[in-house]
Amino acid sequence: MSEPVHSPPNRDWKDADDVSWTLLDREELVDAYWEVVAPALEADGLDSTREKPTHNWLRKHDFRPLLYALRAYHNTTFGDFWSEDLGLEPAETGYDWATEHERTIEALESFLTSRRERKGLAESSIETLRYRLNRYVSAYRDENETDDLVTPIGRESDVPAYKAVDGCWAAFDRLHDELDGGQTKRRIHLAVSNWYAHLVRRKWAAINPADGLDDEFDWSNGSGGSDADTPCLDAAHVRALYTVAVDDEERLLVLALCAWGLRPGEVARLHTHQFVLDPDDGDVPVIAFEERKNGPGEVSLLYGRDVLAECLAAIADGDEWDGYLFPSPHASGGHISRWTVWNRFKQLADRAGLPDTIGGESPSPKMGRRFWYDAFSSSLDVVLGSLDEIAAEQGSASADVVLQNYLSDARARKLRREYMREQLAAAFERGTSQE
């Protein structure tokens, strides 16, 4: 799209205080935007022709009267003014909310900003929170046939409170049917309830329609949601997933989940700087994490080094690659979301012909991580089994005693890794050797 044509207005406008917004017609509002708002955007390092300012930014920079004038005197939103009157197309934001309702998006982002700045949540936690909220927004939209979640609960809304509650509860009825695992549902409810509570505190909402909803459902079933309770893919499932992978990103996705045992969010954020493929100490390659669920740490890359190296070399040929293994398709760059990992895994599972349910649950990325744990546990069992004869010769009570007291840590670790590689090779059945 060609850049919008605008001429400097004949006004003595220098900042927001100089403009009588409510007295301007639509064309004059356009002039005022280019004379006053655009320079403020540029001063903040934003592209005034591509980056649409948020409501929070406009309020912070004293442009609240512009929003009021558009709403009260011109019966339009800033979003419509931006696209229709200014003739602009905003750059991709990098996150696709399940709603296009401007006030709802503003309310969601306000909550996330508060959690980030006031609670000090890490970006990984913000991403998880955003994902849970978006699952609810999607369910609410589909169930109630509207993507406006804030008007029904507004302080001046003419929607009866019981109807606002009904809309929220209907969305959770849908989630209850769609999702497996009580812990997942509880976590989404907690995020949604906290969001509504934030809006009540901000005086944007009169009620919290999700309050007490957890008493209406039995979300305390044994699903739990921990890795230990998650059903496990078997070697045939992993082999099927890897066989139907058609490009580097899909192969890396299966490797990251099943051969490296990473969480979906960790997979989404993988960056080249995390990989130490040739350690100085000669040890196995590792994936380093500055921030992880249980703190900083490293994951041994026991399998798939060659495939990873080939993929990195191929991806690096791109002129604008920013180092993420799974780059976002959006123009703003960055990496894909945790939810995109789930979607891509689901597509792979469908193409691979995996069963509709495994252990009573739909196939999910967590099952790949559980496969890794199961393979590691099996490897440890094999190591212990091989030490039984040594234990008998030494008169030791068990192989565990030999492992703990007579084998060095390095030797025990080497044995576990060798058997682990064999387990992974049996599953993938491809030329992805570690060496």
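**Notes on the cores, helices and charged pairs**

1. The largest nonpolar core has 50 residues, and L233, W260, L270 and F428 are those with the most contacts inside it. By nonpolar core I mean a set of buried Ala, Val, Leu, Ile, Met, Phe, Trp, Tyr and Cys residues joined through side-chain atoms within 4.5 Å. Buried stands for under 20% relative accessible area, exposed for over 50%, and partly exposed for in between (1.4 Å probe, protein chains only). Two or more residues come from each of α9 (235-244), α10, α11 (264-268), β2 (286-289), α12 (305-315), α13, α14 (365-386) and α17 (409-428). Helix α10 gives the most, with eight residues. Helices (H or I, at least four residues) and strands (E, at least two) are DSSP runs, numbered from the N terminus.

2. A word on the basis of all this: the model is predicted, local features need pLDDT of at least 70, side-chain atom pairs count only at pLDDT 80 or more, and totals for chains, interfaces and linings use all residues. Residues are numbered from 1 along each chain as its sequence is written, and side-chain values use heavy atoms, with hydrogens and water left out.

3. What does F428 touch? Leaving aside residues up to four places away in sequence, its partners are V238, R239, Y242, V254, L255, C258, A259 and Y303; contact here means heavy atoms within 4.5 Å.

4. After the helix comes G261, with a positive phi near 70 degrees.

5. Now the charged pairs, with a salt bridge taken as a side-chain nitrogen of Lys or Arg within 4 Å of a carboxyl oxygen of Asp or Glu. The count comes to eight salt bridges. One of them joins R251 to D248, with the closest N and O atoms 3.2 Å apart. These two are three residues apart in helix α10 (residues 248-259), so about one helical turn separates them. R344 and E249 also meet in a salt bridge (2.8 Å, N to O). That pair links distant parts of the chain, 95 residues apart, with R344 in helix α13 (residues 338-352) and E249 in helix α10.

6. Two helices show a one-sided pattern. In α12, the buried residues are R305, V307, L308, C311, L312 and I315. They cover an arc of only 160 degrees around the axis, so they sit on the same side of α12; the arc is that of the directions from the helix axis to the C-beta atoms. Their cover includes α9, α10 and β1 (275-276). In helix α4 (residues 78-85), F78, G79, F81 and W82 are buried. These fall within an arc of 170 degrees, so they line one face of the helix. G87, which follows α4, has a positive phi near 70 degrees.
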